[in-house]
Amino acid sequence: PRDLSVEKSLYFLKDVSSLTISRSNLYEYNTEHFVIYYGKDYPKIALWSDTNHNLIPDYVENIAQILEEIWLKEVIEFNLGKPYGEIPIPVYIANTGIDINGKPLKLPEEIAGLSSVIKNQGIIIINAEPPYSLYTKPMDILKVTLAHEFFHLIQYAYKINPKKENLWLYEGTAVLMEGLVFPEIEDCLYSYVPEFLKHPERGFIYYENLFHPYSTVIFFDYLQKLYGISIIRQLWQ
């Protein structure tokens, strides 16, 4: 999965309330619903170029544009509810020199991002460089990851601190958002669905395999095709 493993994500959600992110020596970029923070040590790669010469890296501007598109889809068009916390939602780009509790905020290269809550505020942390994928382009990985993580914040407004036995509901519907917001990107068909099809005997509540909760997207896709996107809102309500 592009976000943290089951065990690590639960631990992060449980113990993150006391964390302090240093906002000194940071850049910030504001949109209507988000504020994006990044440090000065971002990678010197093409994704971080400044092609329009406005002193804002392209990667930051792309994240901002994608997030506002996701807001329009998930909050306005799909009417799924608003995210947990105050607006604007903080978005931190890891591996750029941001300090968290005095240590650099880092994500492993295989993790695209995560969402969590710090002091009653929903946040998104995104990697400075999308993970490598055989099937999906880096910017498409960024898009589906942001759609996924943002929906986690909407979920937390209904119920925070997921238990293991409910992870299929959290992750399956979050993966569903990837395809509904960006239907042209079929990453989940390669990344997750095969796991469920190979082991249908496991049912939904099975978390010993890292990919399984994500693979239950196939069930939620079936539901929304039968009853419309409102069925997802009703499930969370």
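A cavity here is a set of points, on a 1 Å grid over the protein atoms alone, where a 1.4 Å probe fits but cannot get out. Grid points are joined across faces, edges and corners, and a volume is the space filled by probe spheres set on the points. By this rule there are 2 cavities of 30 Å³ or more. The model is predicted, so to speak of local features takes pLDDT of at least 70 and side-chain atom pairs count only at pLDDT 80 or more, while totals for chains, interfaces and linings use all residues. Residues are numbered from 1 along each chain as its sequence is written, and side-chain values use heavy atoms, with hydrogens and water left out.

**The second largest cavity**
- Its volume is about 30 Å³.
- R2, D3, T145, H148, E149, E178, Y192 and Y214 line this cavity, lining residues being those with an atom within 4 Å of a point.
- Helix α3 (residues 138–158) gives the largest share of that lining, 3 residues.

**Aromatic rings**
- Rings of Phe, Tyr and Trp (its six-membered ring) pair if their centres lie within 6.5 Å; planes under 30 degrees apart are stacked, over 60 edge-to-face, and the rest tilted.
- The count comes to 19 aromatic pairs.
- Y37 and Y92 are stacked, at 5.2 Å centre to centre with 15 degrees between the planes.
- Y38 and W48 form a tilted pair, at 6.0 Å and 55 degrees.
- Y27, Y38, Y42, W48 and Y59 make up one aromatic cluster.

Key:
1 Å grid on protein atoms, 1.4 Å probe; cavity = no way out; pocket = protein on both sides within 12 Å on 5 of 7 lines; lining within 4 Å. Helix = DSSP H or I, 4+ residues; strand = E, 2+ residues; numbered from the N terminus.
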